[in-house]
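Biologist: I am new to this one. Could you show me the structure and take my questions?

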Amino acid sequence: MAQLQYDEIMVRYGELSTKGRNKKNFIDRLGNNVRKALHDFSKVKVHANPDRLHIILNGADSTAVMKRLKLVFGIQTFSPSLRVEKDFAAVCQAAKTLIEKQVDRPMTFKVETKRSDHDFAMGTFEMNRELGGYLLQEFPELLTVDVHQPDIEVRVEVRLNGIFLTSEIIKGAGGLPVGTAGKGMMMLSGGIDSPVAAYLALKRGVSLEMVHFYSPPYTSEQALAKAKELTGKLAQYAGSIRFIQVPFTEIQETVKEKVPEGYLMTVQRRFMLRLAVELANRRRGLAIFNGESLGQVASQTMESMRAIEEVTNMPVLRPVLSYDKTEIIKIAEDIDTYELSILPYEDCCTVFTPPSPKTKPNMAKAAKYESWLDVDGLMERALAGIQIEEIHAGQEFLNQNEDIFAELL
Ligand SMILES: Nc1ncnc2c1ncn2[C@@H]1O[C@H](COP(=O)(O)OP(=O)(O)OP(=O)(O)O)[C@@H](O)[C@H]1O
């Protein structure tokens with residue numbers, strides 16, 4: 001069946017309605033996020049009202065608009081609607097079209113009419129009864145009426161500018177509008193876990209900036225492009241995301257030269273965290289996010305987290321802390337980052353990871369080894385070399401096929 005071309009989409013707010021006096025803030029933010037997500041549909045108009053958000057399509061492709069809408073956090077459900085002239089025959093035709101699309105087995109239904117245009121000839125009760133009767137007649141084998149718990153509720157709204165019909169309720173992304181929970185710096189590697197952690201943070205309303213450490217010539221241009229492309233995937237949930245690349249080669253080489261092997265990983269991570277915190281402080285970030293999950297690898301034991309976090313008092317938040325690897329992979333597949341994450345490009349940590357890092361590093365020792373280094377100078381030079389780029393939804397950076405071949409050969 002050809003795709004139905006709808007006229008309006010009505011959006012229901014999720015958890016927003018429980019947020020009391022912050023509600024206005026949340027609604028304004030959601031309205032802006034929806035506008036941002038639909039910015040290239042020039043005819044679309046978005047009205048964020050206190051109870052509902054209305055998207056007027058003005059001829060824009062409703063299927064494409066709904067696909068975008070499904071990625072906007074803060075939306076509980078939405079319903080596409082058809083607009084017809086104020087004429088009962090037109091209402092019948094539209095209702096029939098909606099039901100045809102939805103009914104695939106014997107189902108129950110009811111008609112629920114609201115009227116803000118009181119000049120319209122038919123009353124709400126009459127509309128419910130007449131339209132219900134028409135639909136029963138059109139779908140005798142498939143429809144029966146149930147006014148208490150119908151499978152399908154055909155809602156008819158008689159407004160001044162026409163009659164609107166809707167029957168489908170589509171699940172939205174849930175969560176809170178991005179930007180309502182403050183800004184965080186996301187430590188994004190090219191791996192599986194940190195993109196999932198980023199997705200979960202965005203889902204709770206955090207606006208993120210990505211911090212990515214790279215170490216040329218030990219890591220390739222492709223590794224950097226992969227982290228950017230992952231950011232492009234995640235930007236679909238946020239409109240756009242800033243990507244900050246931090247050169248890490250000098251720090252890694254110096255640490256490798258001066259620090260005993262068992263502490264290479266701990267000291268490198270302490271540098272990463274210090275740099276991320278410094279960027280947060282400069283850019284009004286309130287917390288650091290990473291993709292650590294408890295006990296997965298040596299750097300992710302509690303002892304290790306404690307030894308690394310000692311360098312800051314800024315909160316370090318770990319959205320996937322308690323997830324199993326299989327659960328993380330499932331989300332990565334759902335958000336379409338998995339295939340990118342498993343591309344075989346070396347990350348800066350893989351290159352410099354010692355064969356047996358300490359799983360229970362000692363904070364005093366880590367600090368002692370750092371006292372042999374010019375920590376401030378190394379930090380300063382890394383920060384002087386950062387590059388910042390705004391990455392948009394779906395932006396691509398890898399020419400995958402060619403490059404995979406090139407790397408594998
Ligand atoms: N090159 C990097 N740039 C930015 N952050 C990084 C980098 N490498 C690691 N991190 C951060 O440290 C976390 C732990 O990294 P590690 O490599 O130990 O674990 P991981 O479980 O493989 O994580 P991931 O799958 O996200 O790479 C990552 O989730 C990420 O937040």
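Modeller: Questions and answers on domains, sheet, ligand and loops follow.

Modeller: This is a predicted model: local features need pLDDT of at least 70, side-chain atom pairs count only at pLDDT 80 or more, and totals for chains, interfaces and linings use all residues. Residues are numbered from 1 along each chain as its sequence is written.

Biologist: How far apart do the C-alpha centres of domain 1 and domain 2 lie?

Modeller: Domain bounds come from an automatic or database domain assignment. Here that gives domain 1 (8-171) and domain 2 (183-406). The distance between their C-alpha centres is 43 Å.

Biologist: How many residues does the contact take from domain 2?

Modeller: Two residues are in contact if their C-beta atoms, placed from the backbone, lie within 7 Å. Domain 1 gives five residues to the contact. From domain 2 the number is six.

Biologist: What is the bridge partner of Phe-213 in strand 12?

Modeller: Strand 11 (residues 207-214) and strand 12 (residues 240-247) run parallel, joined by six bridges. For Phe-213, the partner in strand 12 is Val-246.

Biologist: Which element supplies the largest share of the shell around the ligand?

Modeller: The ligand is surrounded by 19 residues (C-beta atom, placed from the backbone, within 6 Å). Among the closest are Gly-191 and Asp-193. Helix 5, strand 11 and helix 12 (348-352) each supply at least two residues of the shell. The largest share, three residues, comes from strand 11.

Biologist: Is the peptide bond from Pro-216 to Pro-217 cis or trans?

Modeller: Pro-217 sits in the loop between strand 11 and helix 6 (221-234). Omega from Pro-216 to Pro-217 is near 5°. The bond is cis.

Biologist: What is the phi of Asn-58?

Modeller: Asn-58 lies in the loop between strand 3 (52-56) and helix 2 (62-69). It is not a glycine, yet its phi is positive, at about 45°.

Conventions. Pairing = 2+ DSSP bridges. Helix = DSSP H or I, 4+ residues; strand = E, 2+ residues; numbered from the N terminus.
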